[in-house]
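Please examine the sequence and the structure shown below. The explanation that follows leads through selected features in turn.

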Amino acid sequence: MEVTITNENFSSLKSGELPLVVDFWATWCGPCRMVSPIISELAETYDGKIVVGKCDVEDNDDLAAEFGIRNIPTILFFKNGEVVNKLVGAQQKAKLDEAIQQLL
């Protein structure tokens with residue numbers, strides 16, 4: 001399941017029991033649109049094992065600033081509330097899958 005991440009719900013998601021993957025994106029970003037279906041697919045594949053969310057940087061600039069997001073898409077991987085991996089730019093499914101495997 002894919003969730004929408006906001007300034008309001010991020011903290012509780014980050015400190016949840018499951019690892020968290022956050023895709024920082026924007027509607028106007030071409031590479032973000034390329035990665036979006038892959039993120040959705042991975043959310044289904046790993047449903048119940050991780051939480052996958054999308055954070056629109058336009059609507060949640062506090063979160064983008066907190067993590068120094070300067071380029072999008074940027075995908076952050078959280079385990080036990082801490083960032084353990086970061087991928088910047090459009091990524092292949094295999095690369096994202098590999099990063100998720102490291103969370104499990």
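**A guided reading of the model**

At 2% relative accessibility, Leu42 counts as buried, where buried means under 20% relative accessible area, exposed over 50%, and partly exposed in between (1.4 Å probe, protein chains only). The model is a predicted one, in which local features need pLDDT of at least 70 and side-chain atom pairs count only at pLDDT 80 or more, while totals for chains, interfaces and linings use all residues. Residues are numbered from 1 along each chain as its sequence is written, and side-chain values use heavy atoms, with hydrogens and water left out.

Leu42 belongs to helix α2, which covers residues 30–45; helices (H or I, at least four residues) and strands (E, at least two) are DSSP runs, numbered from the N terminus. Although Leu42 and Leu96 are 54 residues apart in sequence, their C-alpha atoms are 8.4 Å apart in space.

In one of them, the side chains of Glu41 and Lys93 meet at 2.3 Å, N to O. This pair links distant parts of the chain, with Glu41 in helix α2 and Lys93 in helix α4 (residues 93–103), 52 residues apart. Glu41 is partly exposed at a relative accessible area of 39%, and Lys93 is partly exposed at 34%.

Lys54 and Asp23 also form a salt bridge through their side chains (2.9 Å, N to O). Because Lys54 lies in strand β3 (residues 51–56) and Asp23 in strand β2 (residues 20–25), the pair ties together parts that are 31 residues apart in sequence. Lys54 is buried, with a relative accessible area of 9%; Asp23 is buried as well, with 0%.

The cysteines come next. A disulfide is defined as a pair of cysteine sulfur atoms within 2.5 Å, and a search of the whole structure finds 1 disulfide. The bond joins Cys29 to Cys32, with an S to S distance of 2.4 Å. The link of Cys29 and Cys32 is right-handed, with 80° about the S-S bond, and both residues are buried. Cys55 counts as buried because its relative accessibility is 0%.

Two backbone features deserve attention. Ile72 and Pro73 are joined by a cis peptide bond, with omega at about 0°, and Pro73 lies in the loop between α3 and β4 (74–79). Asn80 has a phi near 55°, a positive value in a residue other than glycine. Asn80 is found in the loop between β4 and β5 (82–88) and counts as exposed at 73% relative accessibility.

Finally, the surface carries a negative patch formed by Glu8, Glu58, Asp59, Asp61, Asp62 and Glu66. Patches are made of residues with over 30% relative accessible area and no salt bridge: like charges are joined within 9 Å, and nonpolar side chains (Val, Leu, Ile, Met, Phe, Trp, Tyr) within 5 Å. Asp and Glu count as negative and Lys and Arg as positive, while His and the chain ends are not counted.

How values were computed. Accessible areas come from the Shrake-Rupley method with a 1.4 Å probe; for residues, only the protein chains shown count as cover. A salt bridge is a side-chain nitrogen of Lys or Arg within 4 Å of a carboxyl oxygen of Asp or Glu. The place of a charge is taken as NZ of Lys, CZ of Arg, CG of Asp or CD of Glu.
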